[in-house]
Amino acid sequence: MQHSRFSRPILVLAAVWAAAAFGLRSLILKRSLDVNGILMADSHALLWTVLFSLVGFAVLAALCFRLNRLPGTNACFSENSLGVIPALIAATLLFFGCLFRLLDEGEVSEPAQKLCEILGIMAAAASALTALTRSRLGRTAFWTQLPLALYCGVSLVLRFRVWSHDPMIIDIAPQLLALVCMMLTSVLLLAFPLSAGHRRSTVLFGLMAFIFAMMAMPDYLLAIKQSRADMLIFLALSIWCGSHACLLQRARIQVETAPDETPAGE
């Protein structure tokens with residue numbers, strides 16, 4: 001089966017869906033909230049957000065199910081110099097985003113939050129190291145990627161604890177969905193240095209992390225109350241997840257066969 005022929009439709013769909021997610025969220029912020037930032041009583045914005053997210057996830061999952069299902073290895077991301085650039089950009093954005101949050105007492109006031117951002121700075125440095133030396137790290141890449149997975153998980157827990165004090169679902173939905181997909185992607189990436197990576201799930205959640213991050217961007221661009229440091233962090237994680245999802249869809253990766261299999265036509 002020619003798995004590579006599904007790569008372009010998946011990428012096109014993800015790009016279109018990300019642009020639509022950005023547009024939908026912008027429309028909601030401009031037309032569905034009152035002057036106090038409260039969702040209007042007759043608004044169906046939350047329903048449309050849920051339906052939009054579910055349909056996009058279902059269609060993308062159906063296409064990703066057609067991709068190569070062989071266990072992924074570190075080689076899926078190495079031997080590609082262009083893949084290093086987005087990873088380094090992501091690491092840089094994450095570093096400065098966590099640093100700005102750490103220096104802003106209004107953003108992080110508790111010791112746990114400060115430790116989380118310190119972990120984020122360490123994760124940024126480790127991610128840059130991973131991007132630059134992945135082909136030489138081998139199984140050690142598991143440990144250099146582990147800080148990012150831990151940061152995503154801890155950040156999700158701490159942010160959700162803050163969000164739960166004022167549970168306006170329409171406000172937190174994009175960030176929550178994005179962080180969940182980012183955490184899942186970062187955890188899935190840990191299996192590739194161990195030669196047990198799940199390619200399909202990594203592509204799916206990596207692209208969904210990017211899509212939901214684009215849905216969250218209008219919150220930072222149109223709403224004054226949002227933090228610019230948070231915007232850098234979400235951009236960083238979306239680029240990291242999305243770039244790895246794209247690398248997995250290269251033709252060379254999708255046409256790989258198991259050692260005991262013979263490609264069709266030979």
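T49 is placed in helix 2, which covers residues 45-64, where helices (H or I, at least four residues) and strands (E, at least two) are DSSP runs numbered from the N terminus. The model is a predicted one, in which local features need pLDDT of at least 70 and side-chain atom pairs count only at pLDDT 80 or more, while totals for chains, interfaces and linings use all residues. Residues are numbered from 1 along each chain as its sequence is written, and side-chain values use heavy atoms, with hydrogens and water left out.

With a relative accessible area of 3%, T49 is buried, a term that stands for under 20% relative accessible area, against over 50% for exposed and in between for partly exposed (1.4 Å probe, protein chains only). Leaving aside residues up to four places away in sequence, T49 touches L24, I28, I170 and M215, contact meaning heavy atoms within 4.5 Å.

Turning to the whole chain, nine helices and two strands are present, and along the sequence they follow the pattern α-α-β-α-α-α-α-β-α-α-α. The radius of gyration is 19 Å, close to the 18 Å that the globule rule gives for 266 residues, so the chain is as compact as a globular protein of that length; the radius is taken over C-alpha atoms, and the rule is 2.2 Å times the number of residues to the power 0.38. Along its principal axes the C-alpha trace spans about 65 × 40 × 25 Å.

Of the 266 residues in the chain, 50% are buried. Among contacts between residues at least 6 apart in sequence, 79% join residues at least 24 apart.
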